[in-house]
Amino acid sequence: MTTSYFSDLVVEFLHQQGIDKVAFNPGASFRGVHDSLVHADNAEIAPEIVMTCHEEIAVAVAHGYHKASGRHMGVFVHANVGLLHASMAVFNAWCDRVPLFVLGGNGPVDAGKRRPWIDWIHTSQNIESVVKDYVKWCDQPIGQRATVESLYRAFKLMNTPMQAPVFVALDFDVQEQPLEDGVRLLPARATEAARLPALNGADLDDLTGRLLAARLPVLVVDFSGRDPGTVAQLVALADALGLAVVDRGNRLNFPNTHQLNVSHTSGTLLADADLVLALEVQDLVGALGSFLTLTDQGAPANGADIVTVGFNELLTSKWAADYQQFVPVTRAVAADTADSVAALRTVVEDPAGPFAAPAFTERREQRTKALADLHTEARADWARQAEEAKGRDRIHVSAAVDEIHRAVRDEEWILTNTGSLTIDGWVKKLWPLERPGSYLGLNGGGGLGYGLGASIGAALAHQSDDTLCVDLQADGDFLYTPSALWTLAAYDVPLLVIVMNNRLYLNSTQHAERIAGNRDRDIDRAHIATSFYDRPVDFVTLAQSFGVHTLPRVERVDAVAPTVREAVAHIKEHGKPVLVEILME
C-alpha cells in the first residue's frame, strides 16, 4: 500500500503487529482509517474487516477471538457515542483479563476544523475518561508522532502481565492528514511484552518446604489455562504431589475428568486442607470458601496456609471492586505461572530429592486414593441426576446439556460460551473438559450481551479448520445483542448456536423469589417483570430473518440429540451457521 496519509500508516501498524482482522460498526470519526483499510493496494497488508451492528458486539467479537486463538483482533469505535456503546463489553474484557486493542475516533480536537453540530457533539475532551478505570492504559494523542508512540506503548502494555484492554483515541483530523516527513513505524519488536520471572530463590524454597510438609495440599486454579501449555504442566505437578485440584473455571485450567480434580464436590475431605496454592485466582475468598470454613476476615478458620502465585496485584481498578475481598495470605508472589510450575516440577520430580522419599510417597498415594474416590463418586452422582431429569415433562438444563454432548461428542468441539452460571455448572459436571482451549469460560464482568458476539469471534478464529464451535446461549443474554446474527450470517461463520430458552431472566427471578420469601410475600409473583411468559420470543423466526439456517424448536428431551446432530451435519456440509432453540424448564 502506498503510504500517503497518516491513516495508511495506522493500517501498516496493524499489519506489522500481526492483526489480521478488525471489527467495527462504521462511524465518521475513523473514516480515514476505514478508507485506508478498504483501499489498500495489497490486500494482504490490510486486516480483514468484520462489520457489526453495534460496538458492544464488535468488542465481544474481538474478546472471543483472542480467547480462542491468542491472536489480536483490532476494534474501532466511533467517537464518544461508540465508546459509550462499547463500554460494557470493554468492562467484561477487563474483568476477564483479556488484552483488547481498542482504537476510537475523536474530534477534530482543533475546534476550528469541526463541522457544525455533529463534530461538536461527537468530540470530547479526555474521551478516554469513559473507560479509563477499566482499561490498563489509555491516551488521547494529538499529532502524528505522538500517535505512533501511543500505538506502540498501548500494544506493549496490553500484552504485559496482567493483560487487559487498552484504548487510544485517533484524532479525526490527524488521521486524514498527509503523512509528515520523518513519521514512520518503529521496529515490530518494540511492542514485545515485558516478562515476569519464575518462582525462584527464597520463594521457591518456602513453597516446596510447605508442599513437602502438608498433609492435604490443595491447588486452586482459575486463569492459568489462558496459556493452554500450562494444562499438561499442572497435571504433571498435581500427579507428582498428589494435590487436590479445585478449578474455578475462568478458563480450562485442569481436565475435569482427572481423578485429582475435585471441583464442585460437596464432600468434607477438603475441609481438612492445611495448605492452599492459588494460581491466578481472581476471587480468592470465593475459592477458599467453597471448601474451607472462613473467618469474617476471609482467612481459613483452621489456620491453613495460603500461597498465591500470579499477577492479580499488578492490575487494580480504582472504580470497580473486581479485585474482590482482601485476604491475609501467608505468602504472595508475582511470577510467571508457566515458568513457576516448571520450576516447581524440577524440584518435585528430582529422583534424589525429598519428594522421592518413602515417607512422602506413601502419604501422596494415600491422598491420591481418597481424592480419586471423591472424584468418582461425584461424577457418578451428577450423571445420575442428569439421567433422572430426562424423565421430567419439561426439559431440565442438566438433561439438555447431557443430550447436547451426546450429539457432539465425536466432533472436535469447542465451547465458546456457556451462557449462564446454571448452564455452566452442569457443563462442568457432565462434559469431559479435557483438551486445552476447548472451554473458553464465562464473560468476566457479568454483563449481558457477551455470548453471541464472543462466540462469533471464537468461530472466526477457527473458520479455516474442522473445529465445531458450540455456543450454549442463554436467551436473556441473546436479547441484548440480537443483531449479532447479521454478522454471523454475513460472514458465513460456522457456529452452532443453541439457545437455551427458559423464557425468563433466571437470576432475577430467583432474587425476586428470595426477597418475597424473606418478607413472607407471594413468591408466585416472582416472574413479573423478570420473564417472557406472556410475550415469548421466537428465536427461530428471528434467526431466519437474518438469514441464519434454523431447525424446528425443540420441546422434548428425546429430540435434543437428533436435532443437534442434524445441525452439526449442516455446518459440516455448508460451512455456515445454524441456530437451534430448546424450550427449557
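With which side chain does the side chain of S124 make a polar contact? The partner is the side chain of N80, at 2.9 Å, where a polar contact is a pair of N or O atoms within 3.5 Å, one of which, within protein, must be able to donate a hydrogen and the other to accept it, and residues adjacent in sequence count only if both atoms are side-chain atoms. This is a predicted model, in which local features need pLDDT of at least 70 and side-chain atom pairs count only at pLDDT 80 or more, while totals for chains, interfaces and linings use all residues. Residues are numbered from 1 along each chain as its sequence is written, and side-chain values use heavy atoms, with hydrogens and water left out.

- S124 is found in the loop between helix 5 and strand 5 (137-139), the helices (H or I, at least four residues) and strands (E, at least two) being DSSP runs numbered from the N terminus.
- At 17% relative accessibility S124 counts as buried, a word that stands for under 20% relative accessible area, with exposed meaning over 50% and partly exposed in between (1.4 Å probe, protein chains only).
- Leaving aside neighbours within four places in sequence, S124 is in contact (heavy atoms within 4.5 Å) with N80, N106 and Q140.
- W120 has its place in helix 5 (residues 118-121), and it counts as partly exposed because its relative accessibility is 45%.
- With neighbours within four places in sequence again left aside, W120 is in contact with A111, R114 and R115.

**Helix 11**

- The 12 residues of helix 11 (residues 337-348) should span 16 Å at 1.5 Å a residue, and its end C-alpha atoms are 16 Å apart, which agrees; the expected span is 1.5 Å times one less than the number of residues.
- T337, S340, V341, A343, L344 and V348 are the buried residues of helix 11.
- Seen down the axis of helix 11, these buried residues fall within an arc of 160 degrees, so they line one face of the helix, the arc being that of the directions from the helix axis to the C-beta atoms.
- The buried residues of helix 11 pack against helix 8 (201-213), helix 9 (230-241), strand 9 (275-279) and strand 10 (305-310).
- At the start of helix 11, the backbone nitrogen of A338 has a side-chain oxygen of D336 within 3.3 Å.

**Helix 20**

- Helix 20 (residues 560-574) has 15 residues and reaches 21 Å from its first C-alpha to its last, close to the 21 Å expected at 1.5 Å a residue.
- Its buried residues are V560, A561, T563, V564, A567, V568, H570 and I571, and they pack against helix 13 (397-408), strand 13 (468-474), strand 14 (495-501), strand 15 (549-550) and strand 16 (578-583).
- G575, whose phi is positive, near 65 degrees, follows helix 20.

**Cavities**

- There are 2 cavities of 30 Å³ or more, a cavity being a set of points on a 1 Å grid over the protein atoms alone where a 1.4 Å probe fits but cannot get out, and lining residues having an atom within 4 Å of a point.
- The largest cavity has a volume of about 170 Å³, a volume being the space filled by probe spheres set on grid points that are joined across faces, edges and corners.
- Of the 18 residues that line the largest cavity, N256, N261, S263, H264 and K428 are the closest to its centre.
- Helix 12 (358-389) gives the largest share of this lining, 3 residues.

Conventions
On a 1 Å grid over the protein atoms alone, a cavity is a set of points where a 1.4 Å probe fits but cannot get out, and a pocket is an open set with protein on both sides within 12 Å along at least five of seven lines; lining residues have an atom within 4 Å of a point.
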